[in-house]
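Let's take a look at this protein together, starting with a helix and then moving on to its aromatic rings. Keep the 3D view open while you read.

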Amino acid sequence: MRKLNFLPFELIKQNVLLGLIMLLTLSCQEKKEVPLNVLFIAIDDLRPELGAYGKDYVHSPHLDELAGQSSLFMNHYVTVPTCGASRYSLLTGQLPKNKGDLNNQAAANKIAGKPEGELPETFVHQLKRNGYYTVGIGKISHHPDGYVYGYMDPKSDQLELPHSWDEMLLDAGKWGTGHNAFFGYADGNNRNGMNKQVKPYESADVEDEGYPDGLTANLAIKKLKELKSQKEGEPFFLGVGFFKPHLPFTAPKKYWDLYDEEDIPLAPFAAVPENSSKASLLESGEFNQYALGEEKAGLDHKVSDAYARKLRHGYLAAVSYVDAQVGKVLDELERLGLDENTVVVVWGDHGWHLGDQLVWGKHTIFERGLKSVLMIKHPKVEAQEIEKIVSTVDIYPTLMDLMGVKTNYPLDGKSMVPLMENPDWEEWRNTAYGYFRNGISLRTPEYRLSKYFREQEPKIELYDHKNDPNETVNIAQQKPEIVEQLMPLWERGNTGIFE
């Protein structure tokens, strides 16, 4: 008879224990959260002129659909109503502290060429240091392709955000450089190359790729496919910056054809506010650079209703064009199955006056200049509209919170995650500050209080947003008790920038 060999009892115990450890390890691995990706879409000059914001005359189906799946912030305000400075504030999570922070070249002056580890540090850099593969396409910081060079110069090799990107890309197409593409027309010309002898709008019968944003959408789709197949477990941050509806209001004809010009509403208030000052507004200098425009704007007159409708038509066509490009990118995200593990953010870098207060442009600390689009879609957070007032500086800490990235970097905003979990959260700050034109503006749910550091009177303006949402009458002199009540809150936003 063959002798049976039994394993020693201690060896059996060790094998059983090892098996249990392996089972527990596998179980933990299965439960381990896969890192979230980020798709961050920046859209230039996009005020909340979308169907999702109650503008039913706007054709924006893709952004509206995304809004219906997102935390849609109904009252989001930028800190500075100009491209570069607003983006600098977004990226660094900082309120402007000195006049250099109000300059379009803020990032170029304060981050480009500086050694890694120096402050300020962008949230993209934070993610990159925490294991994210970071890709920028188009205009994320101020320069349209992320490289620092002059409008008329050849593209340089100096990144505007040198420590933020693993890749910084743009398909400039027939326009050649980012700056040319940014101001480009369908024939390959651009505003600067034409010495500004151009119209502020264009409707060309071309495909989406006939203007730069179509190329940006295609490049983003290509990059998403590559990111999908990259090393498993390495999360990505993909920033996509679209140019439209920034001037010139250029879009393929099919997007102009979505609108009947006669049905497009005019600005609800086209005048200098009562008891205010022209010094609080601007003469629409950027808009008037387009020398072949049929009429010039100014604070002493309105443009004709017919021309105002044409311009607003161009703006809306550009919105619908960029909406379609966003839709293509979101469709690819879903087709690849990446939507299930990706936070999607859409952010407008500031508002834009479309004849409001007689202004055609941004560059004011009025409602039209500071209020912009913000929506955040999280695959595991329920969609809702959030009425509380939030600021662009709240985006940085929110992303860090959502991605589980801890940082000791000093931030001026607060995470909006509690609001996304409970839109009625009573402890939320519910204020926002704006800075420009030698003024600081405080927005509360009921009022906008602006104080200007200038010689022209009045230096304090107060607008009642419950009864006067279009900011038509400055009531500071009639309501000194409200000014006095709000001034300590205003002081919290006074960074000393104008003193």
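Helix α14 covers residues 480-492, and its 13 residues reach 19 Å from the first C-alpha to the last. That's close to the 18 Å expected at 1.5 Å a residue. Keep in mind that this is a predicted model.

Now for the rings. Searching the whole structure turns up 21 aromatic pairs. One of them is F40 with W347, a tilted pair with 6.4 Å centre to centre and 45° between the planes. These two come from distant parts of the chain, 307 residues apart: F40 belongs to strand β1 (residues 37-43) and W347 to strand β8 (residues 342-348). Are they buried or exposed? F40 has 1% relative accessibility, so it counts as buried, and W347 counts as buried too because its value is 0%. Both also belong to a cluster linked by ring pairs, together with F123, W165, F237, Y396 and Y409.

| Charged residue | Ring | Distance from ring centre |
|---|---|---|
| K155 | Y147 | 4.3 Å |
| R191 | F183 | 3.9 Å |

Key: Residues are numbered from 1 along each chain as its sequence is written. This is a predicted model: local features need pLDDT of at least 70, side-chain atom pairs count only at pLDDT 80 or more; totals for chains, interfaces and linings use all residues. Side-chain values use heavy atoms; hydrogens and water are left out. Rings of Phe, Tyr and Trp (its six-membered ring) pair if their centres lie within 6.5 Å; planes under 30 degrees apart count as stacked, over 60 as edge-to-face and the rest as tilted. Helices (H or I, at least four residues) and strands (E, at least two) are DSSP runs, numbered from the N terminus. Buried means under 20% relative accessible area, exposed over 50%, partly exposed in between (1.4 Å probe, protein chains only). A charge sits over a ring if NZ of Lys or CZ of Arg is within 6 Å of the ring centre and within 35 degrees of the ring normal. The expected span of a helix is 1.5 Å times one less than its number of residues.
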